[in-house]
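Morning, everyone. Please have the sequence and the model open while I talk.

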Amino acid sequence: MTVMDKLTILTDAAKYDAACTSSGARRGSKKGYIGNTSSSVAGCCHTFSADGRCVTLLKVLMTNCCIYDCKYCVNRCSNDTRRAVFTPEELSELTIEFYRRNYIEGLFLSSGVLRDPDYTMERMIQVLHLLRNTYRFNGYIHAKTIPGASPELVERLGMLADRLSVNIELPSEAGLKALAPNKTKSAILQPMKQIRNTLTENKQELVKYRHAPKFAPAGQSTQMIIGATPDSDRHILRLTQGLYDTYRLKRVFFSAYVPVVENSLLPTPDTKPPLLREHRLYQADWLLRFYGFRAEELLTDQDPNFNPLIDPKCNWALRHPEFFPVEVNTAAYEDLLRVPGVGTISARRILYARRGGTLYHEDLKKLGVVMKRAQYFLVCKGKIIDGLRFSQDTVLRGLIAAEKLPMPEIEQLTLFN
Amino acid sequence: MDTVYRYDGSFEGFLCCVFESYVNKESPAAFQTAEDLNPTLFPIQWVESNEAHAQRILRSINRRSAYALELVEKGFLTCAEEREMMLYRFIRALYDFGPDLVRRLSDEAVHPLVKAVRHLDGEVHLLRGFTRFSDLGGALVGEIAPKNRALPLLRPHFCSRFYNERLILYDRTHREALFYRDGKWCIAPLEHFEIARPSEREAQFRRLWKRFYDTVAIAERYNPKCRRTQMPMRYWGTMTEFQDESYFEATPAAVEPPPAPAALKEGWRA
Ligand code: SF4
């Protein structure tokens, strides 16, 4: 089989994985080596595919052969599909030559389980070893650990990769039991715990010996499939928050389930992937990581799912009129962040600019505040914007109208109002 | 009476215009470069480049605010309309108000400059990802067509990432090229540039990349509008994945890349 065929099969099999970002570890270039990760930190997109997703890394499987039979997966052993295996030499050469041409920021390597988990991990380690030692590749590598592989191999993989991930796959144990009979929650969490502990130890070592080898300097991440099981947004978001708190994950990725198989336990094949839901979850995830929100504030037991019409922050703001209005000229950074239409960058600009003089509504747009949303929630020197009148109802309409969604089918949704 | 300052088009030359206006206590009506032949009603004054004068202006800006200096240096690379006038107004206001000026982000002397620099920074950020190289006879050769003069800001990134490679990156819009080899670089004007035909190996990697690009998209999520928003079509012209078929075919006779100018500068860091 040609490398072209293998690349086609193994890209096709990896494309449903959501995690394609690079981030975290800034590593300058080294003499005699190729590459650095200094733009990886800012999340450098090298292209956007026809579905509008950012392509950063060469995202492929080492093989799509798999001894397991997870029901939602195209690579499950009971599926009749073409199989391929990259040799470590082919894959490392491909990575280097793509990198030299600036097609990619690095490699994202994942794999089906070939023969057994340890054998698979050994082969993945060979790929990374070739890249790091033979090609002297100093760029970004993200590797997915294979469920059930032994701890020594996880450790060795982590010494070669920038980031490791262990996929949680489905948001609940019941989901796992039904759809991924070979995986259990504890088997998934075990390596996550190991990676967290090794990261902590490694950090202490690095304090003592500056040149101690680095273990996964960009930390660990995970991903889960959304919409293959009946779990609520609230359940998913609380799980996400728990993962950040307990395992100190750098990122949790969500992947809208694309029906790839007919199975009575799964949504029917004509179901559209829940893109809007995935989008809302990412917005909420952002609020957890950068805006100081907690999952319980965003969704309640009575209201366990996000409003499709407005983003989670607007939704929160509408339910908390007592928090508003916020005074632009005196409010703390944390409070500014809670205002719809104000982001981390514009909040920082407000702090910076107001030290140079009082800010008025006219100034805010130039600082990057989205006034279409923010106008209902902000005052400058105690005043709302001239001529603005509103009620609960008109605010909701205004916010819906201000929604800019990146998906075509959702635009139609907003037209009903 | 108002005069038009004509200068050589270099950053140093522009700073000398600022110096000239300061010494003569006059404000120019407009700026022109040597190539600029637009007729004007105002008398034209030629301003000669002078390193000492330029340095004095740079120091006087830096003394007030290092951020202001960064804005001025980057501002000169932007494609803003009446770029020199925008910079001139900013520098004058900086002398009048002092260092606090840069906090007045919505001031009319500041906002246009900050906005233009944001546009430049944004374009440079995108081009770190969207730039494509080809391996032609061992050298990495690429082309870009940015609105702003992005090369000086892309240089540290690519020279450090491809430390051991030979690089040539051509800016079609501004007709200048970055040359890099063995830790030395230069950016020089280059009127004509034509990229050589690929070898079979190069063509093969182009095809592999195109195949990867076409395969990685999920059909059920097809969303061309989102793609265009994230990656405006004006970048597509120099990206491998959007070229037509002939781009992916090799020609037997490999052509040498253009030779680098003799004088390369030391160092690859910013
Ligand atoms: S182990 Fe991974 S590749 Fe194998 S069937 Fe399950 S999800 Fe698919």
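Predicted model: local features only at pLDDT ≥ 70, side-chain atom pairs only at ≥ 80, totals over all residues.

I'll go through chain B, then finish with a sheet in chain A.

Start with the overall picture of chain B. It has eight helices and nine strands. The C-alpha trace spans about 65 × 50 × 40 Å along its principal axes. How many of its residues count as buried? Of 270 residues, 50% do. Now look at contacts in chain B with a separation of 6 or more. Of those, 69% come from residues 24 or more positions apart.

Next, the three-stranded sheet in chain B. The order is β2-β1-β3, the sheet is open, and the pairing is parallel. Which strands stand at the edges? They are β2, residues 30-33, and β3, residues 44-46. Each has a single partner strand, so one side of each is left without a neighbour in the sheet. From one strand to the next, the twist averages 30°. β1(B) and β3(B) run parallel and are joined by three bridges. In that pair, B:R6 has B:W46 of β3(B) as its bridge partner.

Two helices pack on this sheet. Helix α1 of chain B, residues 11-24, touches β1, β2 and β3. The direction of α1 makes about 145° with that of β1(B). α4(B) touches β1 and β2 of chain B, and its direction makes about 130° with that of β2(B).

Stay at the start of the chain for a moment. B:T3 lies in the segment before β1 of chain B, which covers 4-7. Is B:T3 buried or exposed? Its relative accessible area is 12%, and the cut-off for buried is under 20%, so B:T3 is buried. What does B:T3 touch, leaving out residues up to four places away in sequence? The list is B:E26, B:P28, B:A29, B:A30, B:P43 and B:Q45.

Back to α4(B), this time with a helix partner. Helix α4, residues 83-97, packs with helix α5, residues 111-130, both in chain B. The angle is about 125°, and the axes are 9 Å apart. That angle makes α4(B) oblique to α5(B). The crossing is left-handed. Who makes the contact? From α4(B), it's B:M86, B:L87 and B:F90; from α5(B), it's B:P112, B:L113 and B:A116. By class, that contact has six nonpolar residues, no polar and no charged.

Now helix α6 of chain B, residues 151-161. Nine of its 11 residues are buried, so α6 is largely enclosed by the rest of the structure. The buried set includes B:R155, B:H157 and B:R161, along with B:L151, B:L154 and B:F158.

Further along chain B, there's a hairpin. Strand β7, residues 176-181, and strand β8, residues 184-189, run antiparallel, joined by six bridges. B:A177 stands opposite B:A188 in β8(B). Two residues sit between the strands, and B:D182 in the turn has a positive phi of about 45°.

Last stop, chain A. Here we have an open sheet of six strands, in the order β3-β4-β5-β6-β7-β8, with parallel pairing. The edge strands are β3, 57-61, and β8, 251-256, each pairing on one side only. The twist averages 20° from one strand to the next. Six bridges join β7, residues 220-226, to β8(A), and this pair runs parallel. A:S221 stands opposite A:R251 in β8(A). Helix α7 of chain A, residues 233-247, lies across β7 and β8. α7 runs at about 170° to β7(A).

That's the tour. Questions, please.

How values were computed: Residues numbered from 1 in each chain as written. Chains lettered and ligands numbered in written order. Heavy atoms only, no water. Axes fitted to C-alpha atoms, helices over the stretch in contact; angles between N-to-C directions. Helix = DSSP H or I, 4+ residues; strand = E, 2+ residues; numbered from the N terminus. Parallel < 35°, antiparallel > 145°, perpendicular 65-115°, else oblique. Left-handed = near helix turned anticlockwise from the far one by under 90°. Contact = heavy atoms within 4.5 Å. Nonpolar A, V, L, I, M, F, W, Y, C, P; charged D, E, K, R; others polar. Pairing = 2+ DSSP bridges. Buried < 20%, exposed > 50% of the residue type's maximum accessible area, 1.4 Å probe, protein only.
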